[in-house]
Amino acid sequence: MFFPSTQSWWARLNLIAVHEMGDNALGRTVDVMFGSGLCHFVPNNMVGSCQLDEEVVLAKSEKYGWTTIKSRVEFDQLHSSAAKYALHQMCLAIEIHRNPTDGPSLAKMAEKALELNIHATTSKAIERGFSLMIEGSRIDMTAHSNDAAHYHDIMAYQDTIAHVKKYVDETRIHL
């Protein structure tokens, strides 16, 4: 299963955040996840929260074994096999607006996910492999509104796929 949460409407982001932690019927189904909006994981009494209540979703993260990182520096230093990345207060920035010192590119996130998953699967007694799903940041939102920024997200996605193909070829892993 690739999706940590399935909802009938994408705007149920607060419930999706709870499911992403693993608090759902299937439990935790994802080992590495980058790009979720931090505002959906903190209670409504904190500055920058998008929550409608005082539920502290981040508190659940430890129960499910997640490491939460909130900065580009923490992202660059991440070396564990289970990570929850929640850098931006909302969704990741549209590529044309992304500040590289604040947030990694989609290609960098894909590379980090590959590294973490390779480490997790090769450090086990038996190789179990892994699946990788990569989704552009706001690519469909910009497409629906015919926003010219859509082009930059498409190009970032194409660059990411080329980067992943090169990484796979160079490391000889099988996805």
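User: Where is glutamate 54 found in this model?

Analyst: This is a predicted model, and in it glutamate 54 sits in the loop between S1 and H2.

User: Is glutamate 54 buried or exposed, and how do I tell?

Analyst: You look at relative accessibility: over 50% is called exposed. Glutamate 54 has 55%, so it counts as exposed.

User: Which residues is glutamate 54 in contact with, leaving aside its neighbours within four places in sequence?

Analyst: Those are Pro43, Asn44 and Asn45. Take asparagine 44: it is 10 residues from glutamate 54 along the chain, yet their C-alpha atoms are separated by 5.3 Å.

User: Now rings. How many aromatic pairs does the structure hold?

Analyst: For the general idea, you check the angle between the ring planes, and over 60 degrees counts as edge-to-face. Here there is 1 aromatic pair. Phenylalanine 34 belongs to the loop between strand S1 (32–33) and helix H2 (57–63), while phenylalanine 75 is in helix H3 (residues 72–77), so the pair ties together parts 41 residues apart in sequence. Both phenylalanine 34 and phenylalanine 75 are buried.

User: What lies over the face of phenylalanine 75?

Analyst: That's lysine 112, at 5.4 Å from the ring centre.

User: And helix H1: why is it described as largely enclosed?

Analyst: Count its buried residues, meaning those under 20% relative accessible area. In H1 (residues 13–21), 7 of the 9 are buried, so the rest of the structure largely encloses this helix. Among them are Asn14, Ile16 and Met21. Just after H1 comes glycine 22, with a positive phi of about 120 degrees.

Notes
Residues are numbered from 1 along each chain as its sequence is written. This is a predicted model: local features need pLDDT of at least 70, side-chain atom pairs count only at pLDDT 80 or more; totals for chains, interfaces and linings use all residues. Side-chain values use heavy atoms; hydrogens and water are left out. Rings of Phe, Tyr and Trp (its six-membered ring) pair if their centres lie within 6.5 Å; planes under 30 degrees apart count as stacked, over 60 as edge-to-face and the rest as tilted. Helices (H or I, at least four residues) and strands (E, at least two) are DSSP runs, numbered from the N terminus. Buried means under 20% relative accessible area, exposed over 50%, partly exposed in between (1.4 Å probe, protein chains only). A charge sits over a ring if NZ of Lys or CZ of Arg is within 6 Å of the ring centre and within 35 degrees of the ring normal. Contact means heavy atoms within 4.5 Å.
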